[in-house]
Amino acid sequence: MVDHEFGDQHTELKLSIIEKYLKFFTTALRGKFRELWYIDGFAGTGYRTIRHQAVPPSLISEGEPERIERRRGSAKIAIDVYPRFDFLVFIENKPSYVRALEELRANHPDRRIVVVKNDANDGLKSLIAANNWTSTRAVIFLDPYGMEVDWSTLETIARTGAIDVWYLFSLAGFYRQATRDHDALDEDKRAALTRMLGTDAWERELYKATPVNDLFGGSDPSMRRDADVTALEAYAKARLETIFGAVLDPLPLPLHERPQRFSLFFCISSRKPAAIGLARKIGNHILKAGISS
Ligand SMILES: C[S@@+](CC[C@H](N)C(=O)[O-])C[C@H]1O[C@@H](n2cnc3c(N)ncnc32)[C@H](O)[C@@H]1O
């Protein structure tokens, strides 16, 4: 058994949101399309390991030994969703996690499950190119640790008009790479931001000349990013809106930590008003329940 330790309470909330949407999706669309797919771009192992620290004995308690708990990760949650998905694709690049996913697949011989050992961007692009999206609808979950999702992958997904995406966007990646001081930007930071946002316009749009008084009373204009975390999140949302049919207001994660590290976006690739209306209504309902949790 491979241990995959990650996340905390925000992971719990994120996965409960995904599970609720997956249940809605297969319930609402069953019988309306030939096939319903679940695609996990950063699938992990199917489980997550939570290590509860030992509690030392004290005057009022005997203490507790360290305890290991295993909970379901996104891949296993998707397998368990009822009504069922017709086909599930788990993409993962870490060999030991791929083996764990293969074991998970072997434990469900009655299901159509494919485990793809690949980079998420390459895997998603070839999977999407190999399918005809007229009679298939899918949900993709993009749950990277950081800034691994390329803009070109999102464009490929959005062009299908047939896939809903839950995207854990690394806002911390955005505000760390887009340094406040323009002089601190380097070529690696620029490349990472451009790959994530799909344009190099962010450098012109986010940085402004700000006069800084020098020691002699003169003023030396320096370029700075004034946009705060909220403005950067709005910038990311506006970028996603250029390619998707609709993008809902994201859920900040962790919910009660400032600055937030992630924004959980729900992006709808359909351009059809009825499909957008339904997905928007349910997505908003689930996200609002998440905010008040
Ligand atoms: C946050 S975890 C995903 C957890 C999973 N959604 C779950 O609920 O169990 C991110 C996963 O992405 C994998 N990963 C990181 N970079 C990747 C890439 N470029 N392509 C595919 N998988 C990647 C990591 O090995 C890790 O398993």
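## Contacts across the chain

Among the contacts in the protein chain between residues at least 6 apart in sequence, 72% join residues that are at least 24 apart. The structure is a predicted model, and its protein chain holds ten helices and twelve strands.

## Overall dimensions, burial and charge

Taken along the principal axes, the box filled by the C-alpha atoms of the protein chain has sides of roughly 75 × 65 × 35 Å. The chain has 293 residues, of which 52% count as buried, and its accessible surface comes to about 14,500 Å², with 53% of that surface belonging to carbon and sulfur atoms.

As for charge, the protein chain carries 41 positive and 40 negative side chains, and the centres of these two sets lie 7 Å apart.

## The surroundings of the ligand

Around the ligand there are 20 residues, of which Ser 74, Glu 92, Asp 119, Ala 120 and Asp 143 come nearest. On its own the ligand has 600 Å² of accessible area, and the protein covers 94% of it.

## Asn 121 in helix α4

Asn 121 is found in helix α4. Is this residue buried or exposed? Its relative accessible area is 4%, which is under the 20% limit, and therefore Asn 121 counts as buried.

The side chain of Asn 121 makes a polar contact of 2.6 Å with the side chain of Thr 153, and a polar atom of the Asn 121 side chain also lies 2.8 Å from the backbone oxygen of Glu 148. When residues up to four places away in sequence are not counted, Asn 121 touches Glu 148, Val 149, Asp 150 and Thr 153.

## Helix α5 and its cover

Thr 153, the partner of Asn 121 in a polar contact, is one of the buried residues of α5, and the others are Trp 151, Leu 154, Thr 156, Ile 157, Ala 158 and Thr 160. Why is helix α5 described as largely enclosed by the rest of the structure? The helix spans residues 151-160, and seven of its ten residues are buried, so it is largely enclosed by the rest of the structure.

The cover over the buried residues of α5 includes the helices α4 (120-129), α7 (187-197) and α9 (229-241), together with the strands β6 (136-142) and β7 (163-170). After α5 comes Gly 161, whose phi is positive, near 65°.

## Arg 30 in a loop

Arg 30 lies in the loop between helix α1, residues 9-29, and strand β1, residues 35-40. With a relative accessibility of 35%, Arg 30 counts as partly exposed.

Leaving aside residues up to four places away in sequence, Arg 30 touches Phe 25, Leu 36, Pro 83, Arg 84, Phe 85 and Asp 86. Phe 42, by contrast, is twelve residues from Arg 30 in sequence, and the two residues are 25 Å apart in space when taken from C-alpha to C-alpha.

Technical notes:
Residues are numbered from 1 along each chain as its sequence is written. This is a predicted model: local features need pLDDT of at least 70, side-chain atom pairs count only at pLDDT 80 or more; totals for chains, interfaces and linings use all residues. Side-chain values use heavy atoms; hydrogens and water are left out. Helices (H or I, at least four residues) and strands (E, at least two) are DSSP runs, numbered from the N terminus. Buried means under 20% relative accessible area, exposed over 50%, partly exposed in between (1.4 Å probe, protein chains only). Contact means heavy atoms within 4.5 Å. Accessible areas come from the Shrake-Rupley method with a 1.4 Å probe; for residues, only the protein chains shown count as cover. Lys and Arg count as positive and Asp and Glu as negative; His and the chain ends are not counted. The place of a charge is taken as NZ of Lys, CZ of Arg, CG of Asp or CD of Glu. A residue is near a molecule or strand if one of its heavy atoms lies within 4 Å of it. A polar contact is a pair of N or O atoms within 3.5 Å; within protein, one must be able to donate a hydrogen and the other to accept it, and residues adjacent in sequence count only if both atoms are side-chain atoms.
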